[in-house]
Amino acid sequence: MEVAALTQRLCSFEIRRLVLIIGVAVVIVVVYQCFELPYGKDFYFSPADAGSASVVTLLGNDTSSNDSETRKFDVVGVVGIMVNETDVLGLVEFELEKEKDASNITVQKSFPVGINRSEDDKPEGKTIDFRDDSVPRDSRLGESNKVENDTKPISASEFQNGDGIVSVVAQGAGTDSPEAVSKGDIKQTTEPLQFVSVTLHDVSSTTSISTLRKWNPRPTSISQMNSLLLQSPISSSSMKPRRYSTRDRELQSAKLEIENAHIIRDNPGLSASIFRNLSKFIRSYDLMEQKLKVYVYTEGEKPIFHQPLMRGIYASEGWFMKLIEGNKKYSVRDPRKAHLFYLPFDSHMLRLKLNGTSKKGLEMYLKHYVGVIAKKYPFWNRTGGSDHFLVACHDWAPRITSKYMGSCIRSLCNANVARDFKIGKDTSLPVTYIRSVEDPLANLGGKPASERSILAFFAGGMHGYLRPILLHYWENKEPDMKIFGPMPRDIESKRLYREYMKSSKYCICARGYEVHTPRVVEAIFYECVPVIISDNYVPPFFEVFNWEAFSVFIQEKDIPNLRNILMSIPDEKYLMMQSEVKMVQQHFFWHKKPVKYDLFHMILHSVWYNRILQLKK
């Protein structure tokens, strides 16, 4: 009996042990299958860490011929790039051509997608090509085959097609370069799994990589910006002086006069419909001409300070610096007589001369300058800098001025309301691409509305995530939609570019790496109605202009419906907008000797007006 009982116990123990081993083995197999990508042409990936670009490496074994050939494609900046509240990716396909007799191909040039970079840091990329509106899902992929959506990039996985085995590796590639976007600056949001299709085309010897972008669901609309402008003026403890100075009381008096301005329904040379309130604008402008005095700090060494750059895409800050420093009407030598204090640095020159310095380093450079003037003069500390202003057009200007110059009135080209730009305090600076300092107003004007046969026009480099999407939907799709990539830089191509603008009803102003673009002013120059496609962009002189009277705002997610939206605008409304474009032109002109209502005066007025709005009665 004892022997039988012992034998029975041993058998039960072995059975339980065997069941346990089988169970563990099953679990291991199931877990392995969950993380192992199935065979096929499709796979899922999770986003890379915030602040990093991503690298996708494709290793291919071509077994279609007798000779075994290994092919390697390195694609930089394609997938896994972070997605945050305001900067998102687009549907982008990179096409990399396989060279003859090449066993290794490494892509040297690419379009970084979704990473903010300066216009002067322009990458030159391979051909962008779109084949399908969406990426089909392989029916063999089940829910269990998805990679968990965390912030880590996936490790190596495999799939097979008819041409051989392809191994796919996606990994985050962090960088310490100035162009990198740091984690601390962007609040990352949880995004659903993104879908990527990888296909090996043996016939055409190309590899196409497509990534599907999730649109930004919460852009700030133009009507929401209008509401922000109507709210209480921006104020903080740093903006409130311990006691109001004589100059501040003069501004308070001006504020009362502006608010009680006599109603003006029409004015020679000005169109009431392009202004939010023509009466207040005229009264404010007249008071500025009568009262405003500006002190320009003499501190700061050339070329970063007091040496304006007056050509190129960042010329707005250079022209303003040149004209204010030599202006006898507004500039004063005695700072005690000043209502406003100008910080005379050129953000583009700062970037050029301190090339290689991180954004943090540029920020500390400006902090040192603030320390110098705060130690020498009492004016910065009296108001916390709220009666000081700067004019800066470089892409990085909002970031490098936000911490130590954030209390100033900042006139910025990169006016992104979802970032550091504060409506009611900061002002939006027009991007004016100056090609000739001697004649900045060359080639003005365009064809009459009746002779504009092109519905919409765009041409430009593939900067940022948005423009490739625009081309995907509209390049060579409709005869009246002239949507192109970058045009050659020869004289004839530049003439053709201008001719397209002069012959188009609407000119597409699509954002680049940042929200601003020179095409807004170019469109106005050539009497073409601007179509602004740039979520969260605050257009120039927003505090005084009614932009909806002479331009069209389209959210980025509506690019597929671009033509329908433009076609739905009645002819009468288009003719009115085009007429108002002609009326608003004068406010975007540079003159060597400033004239009334021109660009120099409009920039100065916006700073004056926003300073007045900050003051309590």
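This is a predicted model: local features need pLDDT of at least 70, side-chain atom pairs count only at pLDDT 80 or more; totals for chains, interfaces and linings use all residues.
View A. A disulfide is a covalent bond between the sulfur atoms of two cysteines. The angle about the S-S bond is 110°, and the link is right-handed.

**View B. The disulfide of Cys 393 and Cys 413.** The sulfur atoms of Cys 393 and Cys 413 are 2.0 Å apart, and the pair forms a disulfide. Here the link is left-handed, with -95° about the S-S bond. Cys 393 lies in the loop between β12 (388-392) and α9 (397-401). Cys 413 lies in the loop between β13 (409-412) and β14 (427-428). The pair therefore ties together parts that are 20 residues apart in sequence. Both cysteines are buried. In total, the model has two disulfides. With the bonded cysteines numbered in sequence order, the pairing reads 1-2, 3-4.

**View C. Cys 408 and Cys 509.** Cys 408 is buried, at a relative accessible area of 0%. Cys 509 takes part in no disulfide. The nearest cysteine sulfur to it belongs to Cys 507, 6.8 Å away. A disulfide needs the two sulfur atoms within 2.5 Å. Cys 509 is also buried, at 1% relative accessibility.

View D. Side chains of opposite charge can pair when their charged atoms come close. Glu 363 forms a salt bridge with Lys 360, and their closest N and O atoms are 3.3 Å apart. Both belong to helix α7 (residues 359-376). They are three residues apart, so about one helical turn separates them. Glu 363 is buried, with a relative accessible area of 6%. Lys 360 is partly exposed, at 40%.

**View E. Salt bridges between Asp and Lys.** Asp 426 pairs with Lys 425 in a salt bridge, the closest N and O atoms being 2.6 Å apart. Both residues are buried. Asp 558 forms a salt bridge with Lys 557, at 3.4 Å between the closest N and O atoms. Lys 557 has 41% relative accessibility, so it counts as partly exposed.

**View F. A network of salt bridges.** Which residues are linked in a network of salt bridges? They are Asp 248, Arg 382, Asp 387 and Arg 611. The salt bridge count for the model is 17.

Conventions: Residues are numbered from 1 along each chain as its sequence is written. Side-chain values use heavy atoms; hydrogens and water are left out. Helices (H or I, at least four residues) and strands (E, at least two) are DSSP runs, numbered from the N terminus. Buried means under 20% relative accessible area, exposed over 50%, partly exposed in between (1.4 Å probe, protein chains only). A salt bridge is a side-chain nitrogen of Lys or Arg within 4 Å of a carboxyl oxygen of Asp or Glu.
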